[in-house]
Amino acid sequence: MTRIGRRLRGWTNGVLDLPQDVLQELPRITLIGNKELYIENHRGVLHFSSGQLTIALAKGSLEISGQELMIRNILGQELAVEGIIGEIRYKGSEEKP
């Protein structure tokens, strides 16, 4: 990123008080119990089965494992998952599989 871009991002964050997920393309993950999962700022579904779901992110991926997983809806960059969620694992782009 250019120096001007970093300065502009810092200025907008300070002045506008925007959340980090918006400024840095970070995922926003909301888990309700172990039954519902909402993911915002994703880049698509890489793998889906009833026991495993892998979501592409701007910088890495998100792996969700569980039972009876079901994608309830996909709207733009928002995704809703239902089922019995057992584990959520974030893998950054610098990590090896």
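Select strand 3 and strand 4: the two form a hairpin with 3 residues between them. Strands here are DSSP runs of E with at least two residues, helices are runs of H or I with at least four, and both are numbered from the N terminus. Two strands pair if DSSP finds at least two bridges between them. Strand 3 and strand 4 pair over 5 bridges, in the antiparallel sense. Pick Phe48 to see one of these links: its bridge partner in strand 4 is Leu53.

A word on the model before you move on. It is predicted, so to speak of local features a pLDDT of at least 70 is needed, side-chain atom pairs count only at pLDDT 80 or more, and totals for chains, interfaces and linings use all residues. Residues are numbered from 1 along each chain as its sequence is written, and side-chain values use heavy atoms, with hydrogens and water left out.

**Stop 1: His42**

Select His42, which lies in strand 3. Is His42 buried or exposed? His42 is buried, with a relative accessible area of 5%. Buried means under 20% relative accessible area, exposed means over 50%, and partly exposed is in between (1.4 Å probe, protein chains only). Now show its side chain. The side chain of His42 reaches the backbone nitrogen of Gly44 at 2.9 Å. Such a polar contact is a pair of N or O atoms within 3.5 Å; within protein, one must be able to donate a hydrogen and the other to accept it, and residues adjacent in sequence count only if both atoms are side-chain atoms. Next, show what surrounds His42. Leaving out residues up to four places away in sequence, His42 touches Ile55, Ala56, Leu57, Ile74, Gly76, Gln77, Glu78 and Leu79. Contact means heavy atoms within 4.5 Å.

**Stop 2: strand 4**

Select strand 4 (52-57). How many of its 6 residues are buried? The count is 5, and strand 4 is mostly covered. Begin with Gln52, whose place is in strand 4. Gln52 is partly exposed, with a relative accessible area of 26%. Gln52 touches His47, Glu63, Ile64, Ser65 and Leu69, not counting residues up to four places away in sequence. Draw a distance from Gln52 to Gln67. The two are 15 residues apart in sequence and 8.1 Å apart in space, C-alpha to C-alpha.

Go on to Thr54, also part of strand 4. Thr54 is buried, with a relative accessible area of 12%. Its contacts, not counting residues up to four places away in sequence, are Gly44, Val45, Leu46, His47, Ser61, Leu62 and Glu63. In strand 5, the bridge partner of Thr54 is Glu63.

**Stop 3: strands 5 and 6**

Strand 4 and strand 5 run antiparallel and are joined by 6 bridges. They form a hairpin with 2 residues between them. Find Gly60: opposite it in strand 6 stands Gly92.

**Stop 4: strands 1 and 2**

Select strand 1 and strand 2, which run antiparallel with 5 bridges between them. Thr30 has Tyr38 as its bridge partner in strand 2. Their hairpin has 3 residues between the strands, and there Gly33 takes a positive phi near 60°.

**Stop 5**

The 6 strands form an open sheet in the order 1-2-6-5-4-3, with antiparallel pairing. Which strands are at the edges? They are strand 1 (28-32) and strand 3 (42-48), each of which pairs on one side only.

**Stop 6: the core**

Select Leu37, Ile39, Leu53, Ile55, Leu57, Leu62, Ile64, Leu69, Leu79, Val81 and Ile85: these 11 residues make up the largest nonpolar core. Strand 2, strand 4, strand 5 and strand 6 each give two or more residues to this core. A nonpolar core is a set of buried Ala, Val, Leu, Ile, Met, Phe, Trp, Tyr and Cys residues joined through side-chain atoms within 4.5 Å. In soluble globular proteins, nonpolar side chains tend to be buried together.

**Last stop: the whole chain**

Zoom out. The protein has 2 helices and 6 strands. From the N terminus on, the elements run α-α-β-β-β-β-β-β. Of the 97 residues, 27% count as buried.
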